[in-house]
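I opened this notebook page to record what I looked up about ring pairs and about pocket lining.

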Amino acid sequence: MAKEIERKFLVRGDGWRSFVSRTRLLRQAYIASMDDRSVRIRLENGHIATLTVKIGRTMTRDEFEYAIPTSDAEELLGTAIGLIIRKTRHVVPFKGFTWEVDVFEGAHAGLIIAEVEMDDESDKPELPDWVGEEVTGQYRYSNQALALQFEHEYHGL
């Protein structure tokens, strides 16, 4: 079993854009959802498909991820609970840590969230000047909640 240890922040400004090392287009949706667990389908760049089970709601969560056929992912996306999330994920290296900056589209256009994955909860990544409020553990900013919430405006965050 893998552990996911991450901190999450709202993004302010575009200072991160000049440091992007890789970009991926993501479509993802949830086919099962409970308060502290979910089953997610993700399609990356239209041809890499995964099924992910996540358990927990804190900084550290259990995560099980499996490659699945793209055709299965497309079919499962059609059974989504709530919205299919569309976002562009930008990978931004910063002082020894890899940050992922998600720029949301569609119903969540205007929302930009940065996540930094860590090896241990005691890690102290230096925060870039383009991150704002920390939202780690705030359910409303989880992808699961975003998929299940239908009306939001994130402009000006």
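I worked on a predicted model, in which local features need pLDDT of at least 70 and side-chain atom pairs count only at pLDDT 80 or more, while totals for chains, interfaces and linings use all residues. Residues are numbered from 1 along each chain as its sequence is written, and side-chain values use heavy atoms, with hydrogens and water left out.

Entry on rings. I searched the whole structure for aromatic pairs and found two; rings of Phe, Tyr and Trp (its six-membered ring) pair if their centres lie within 6.5 Å, and planes under 30 degrees apart count as stacked, over 60 as edge-to-face and the rest as tilted. Phe 9 and Trp 99 have ring centres 5.7 Å apart and planes at 50 degrees, so I noted the pair as tilted. This pair links distant parts of the chain, with Phe 9 in strand β1 and Trp 99 in strand β7, 90 residues apart. Trp 99 also forms an edge-to-face pair with Trp 130, at 5.7 Å centre to centre and 75 degrees between the planes.

Entry on burial. Trp 99 has 0% relative accessibility and counts as buried (under 20% relative accessible area, 1.4 Å probe, protein chains only), and Trp 130 is buried at 4%.

I then asked what classes of residue line the largest pocket, and the lining has six nonpolar, 10 polar and 16 charged residues.

Notes
Ala, Val, Leu, Ile, Met, Phe, Trp, Tyr, Cys and Pro count as nonpolar, Asp, Glu, Lys and Arg as charged, and the others, Gly among them, as polar. Helices (H or I, at least four residues) and strands (E, at least two) are DSSP runs, numbered from the N terminus. Buried means under 20% relative accessible area, exposed over 50%, partly exposed in between (1.4 Å probe, protein chains only).
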